[in-house]
Amino acid sequence: MADIAVIAKITAQEGKRDDLVAALQTALDTAQGEPGTLSYILLADQTNAETLWMYEMYTDQAALEAHMGSDAFKALGPAIGPFLAGRPELIFCKPLGGKGA
């Protein structure tokens, strides 16, 4: 079971969501090779065209720290910055159970 999850709300500037999605693709690809990253899923909000959600699950705090400390993660800010309407909002959670936990 995962030890930590992150839900991130990422809001694009008006008309820039597709650009933001394209800029996030590198992070999606990189997460595939991170052994402690269990889930790293980009979601489109169905009620707000400019809002994206990222759902992330990690085996433990060390895996999250490895992800956030990686060169790919450090490069993410400059890559997505031009398309953001503001800072992403991060919510850190502890999975308690359920399918996929």
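**View 1. Burial of Ser39 in the predicted model.** Ser39 counts as buried because its relative accessibility is 17%, buried meaning under 20% relative accessible area with a 1.4 Å probe and protein chains only. The residue lies in strand β2, residues 37-44; strands are DSSP runs of E with at least two residues, helices are runs of H or I with at least four, and both are numbered from the N terminus. Leaving out residues up to four places away in sequence, Ser39 touches Tyr55, Glu56 and Met57, contact being heavy atoms within 4.5 Å. The model is predicted: local features need pLDDT of at least 70 and side-chain atom pairs pLDDT 80 or more, whereas totals for chains, interfaces and linings use all residues. Residues are numbered from 1 along each chain as its sequence is written, and side-chain values use heavy atoms, without hydrogens and water.

**View 2. The largest nonpolar core.** This core, a set of buried Ala, Val, Leu, Ile, Met, Phe, Trp, Tyr and Cys residues joined through side-chain atoms within 4.5 Å, holds 21 residues, of which Ile10, Leu20, Leu24, Tyr40, Met54, Tyr58 and Ile80 touch the most other members. At least two core residues come from each of β1 (4-11), α1 (17-31), β3 (51-58), α2 (61-69) and α3 (71-80). Helix α1 contributes the most, with 6 residues.

**View 3. Surroundings of Leu24.** Apart from neighbours within four places in sequence, Leu24 is in contact with Ile10, Leu42, Leu52, Met54, Leu76 and Ile80.

**View 4. Order of the elements.** The chain has 3 helices and 4 strands, arranged from the N terminus as β-α-β-β-α-α-β.

Definitions and conventions
Buried means under 20% relative accessible area, exposed over 50%, partly exposed in between (1.4 Å probe, protein chains only).
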